[in-house]
Amino acid sequence: MTEQDFILKDYKSNSKNGRVKWESPSNIALVKYWGKRENQIPENPSISFTLSNCKTITEVTYTKKEGSDFSFDVIFEGEKNEAFKPKIQTFFERVEIYVPFIRDYHFKIETSNTFPHSSGIASSASGMSALALCLMSIEEELGANYSEEYFNQKASFLARLGSGSACRSVEGELVVWGNTKSISDSSDLFGIKFSENIHPNFQNYQDAILLVDKGEKQVSSTVGHKLMFGHPFAQKRFEQAHDNLAELKEVLVSGDYKRFIEIVESEALTLHAMMMTSMPYFILMKPNTLQIINKIWEFRKQTGSNICFTLDAGANVHVLFPDAEQEKVYEFIKSDLVAYCQNGHYICDKVGKGAQKS
Ligand code: PMV
């Protein structure tokens, strides 16, 4: 597939109005994407667990209009929101060649998240994928007729142009994004479902998101990605991501917890190591992030649990563990980790099956 394959052909303006609605989950990367080229092309491949409970729900009402300027309103959690508009404007500019009807309609975009807005959980992946899926459903209502595969690929392709990692939120349970030798059909343009048989050890995997710091990040991912240009360790890091993904593919099939933990924790710390060795350098972890990591290591050593952690571009800690360990890990979280969470807050999530039309 190339970019050309995603351009809506033979589009004729018609005067249909309507409403579409999607809910799309967040995702957590196991092998991290950090560094991108022009047009949101990743410098290295990544793989993520699609989540289940942390979702964005977006309803788009479209009405035929005159004139060719973009026209849209954003209503976030019931209130008109101006702050989200520039990001959506940029998204529309990037995708208009693929969905030319967006200049012919006014869009009322009503959106909300199932997780608290100021939780430090990025809503760009779930938000952009929900919006991309709404555009795809409108495209269908205007006459396009697609296979499920093409629909998902184009939705992921559009979502990527909104926010890179959003392209991994369309399907579940594991999604690979970025061209890499070990995964056939992998692409830099969109995410694909990991198609190997996932070992039962990794099915229904749990993710407890410990909210260490709910504030705005001091450095956005957009800026962070850019700092990988000319970064002294960038090339080696990009190679490492290919190797880690190839090995993780085997691990997910064989059920090897030990290597899973090593790869996933190393990826998380490497992501933050890249931030700490950028110029300018920055640190997104907080003292409590490190306290939690040390507690997890201690608990694993003492109990033989298969618990591990990963990090996003922020201070929050994703605690990953097998379904079978739910009881004992949640007990541990309550007794030992909640004290490090801001206002004692954490979110219980798990691997999910992808976005849903409602
Ligand atoms: O999708 P972006 O541009 O916000 O980048 C997110 C990158 C990480 O979350 C840090 C890693 C990843 O692969 O999701």
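**A colleague's note for a first look**

1. Helices and strands here are DSSP runs numbered from the N terminus, a helix being H or I over at least four residues and a strand being E over at least two. H318 is buried, with a relative accessible area of 7%. Buried stands for under 20% relative accessible area, exposed for over 50%, and partly exposed for what falls in between, using a 1.4 Å probe and protein chains only. The side chain of H318 makes a polar contact of 2.7 Å with the side chain of D207. Such a contact is a pair of N or O atoms within 3.5 Å; within protein, one must be able to donate a hydrogen and the other to accept it, and residues adjacent in sequence count only if both atoms are side-chain atoms.

2. A word on the source. The model is predicted, with local features needing pLDDT of at least 70 and side-chain atom pairs counting only at pLDDT 80 or more, while totals for chains, interfaces and linings use all residues. Residues are numbered from 1 along each chain as its sequence is written, and side-chain values use heavy atoms, leaving out hydrogens and water.

3. Now to the ligand. It is surrounded by 13 residues, and the closest are Y33, S165, R168, H225 and D312; a residue counts if one of its heavy atoms lies within 4 Å. By class, this shell holds five nonpolar, five polar and three charged residues. Here Ala, Val, Leu, Ile, Met, Phe, Trp, Tyr, Cys and Pro are nonpolar, Asp, Glu, Lys and Arg are charged, and the others, Gly among them, are polar.

4. Where does the ligand lie relative to domain 1 and domain 2? Domain 1 (3-197) and domain 2 (205-350) both give residues to the shell, so the ligand lies between them. The domain bounds come from an automatic or database domain assignment.

5. Some ligand distances are worth looking up. A polar backbone atom of Y33 is 2.9 Å from an oxygen atom of the ligand, and a polar side-chain atom of S221 is 3.3 Å from a ligand oxygen. For D312, an N or O atom in the side chain lies 2.9 Å from an oxygen atom of the ligand. The protein covers 91% of the 380 Å² of accessible area that the ligand has on its own, by the Shrake-Rupley method with a 1.4 Å probe.

6. Strand β1 (residues 18-31) is largely enclosed by the rest of the structure, because 12 of its 14 residues are buried. β1 runs antiparallel to strand β4 (residues 46-64), joined by 12 bridges, with P25 opposite K55. Two strands pair if DSSP finds at least two bridges between them. β1 also pairs with strand β14 (residues 356-357), in the antiparallel sense over two bridges, and there W22 has K357 as its bridge partner.

7. Four bridges join β4 to the antiparallel strand β8, where S48 stands opposite V175. In β8 (residues 174-177), L174 and V176 point one way and V175 and W177 the other, yet all are buried. β8 in turn is joined by three bridges to strand β9 (residues 191-193), again antiparallel.

8. With strand β5 (residues 71-76), β7 runs parallel over six bridges.

9. Lastly, some backbone details to check. Most residues other than glycine have a negative phi, and most peptide bonds are trans. The G172 to E173 peptide bond is cis, with omega near -10°, and so is the bond from M279 to P280, with omega near 0°. Q40 is not a glycine but has a positive phi of about 60°, and Q40 is buried at a relative accessible area of 5%. N343 also has a positive phi, near 55°, but N343 counts as exposed at 62% relative accessibility.
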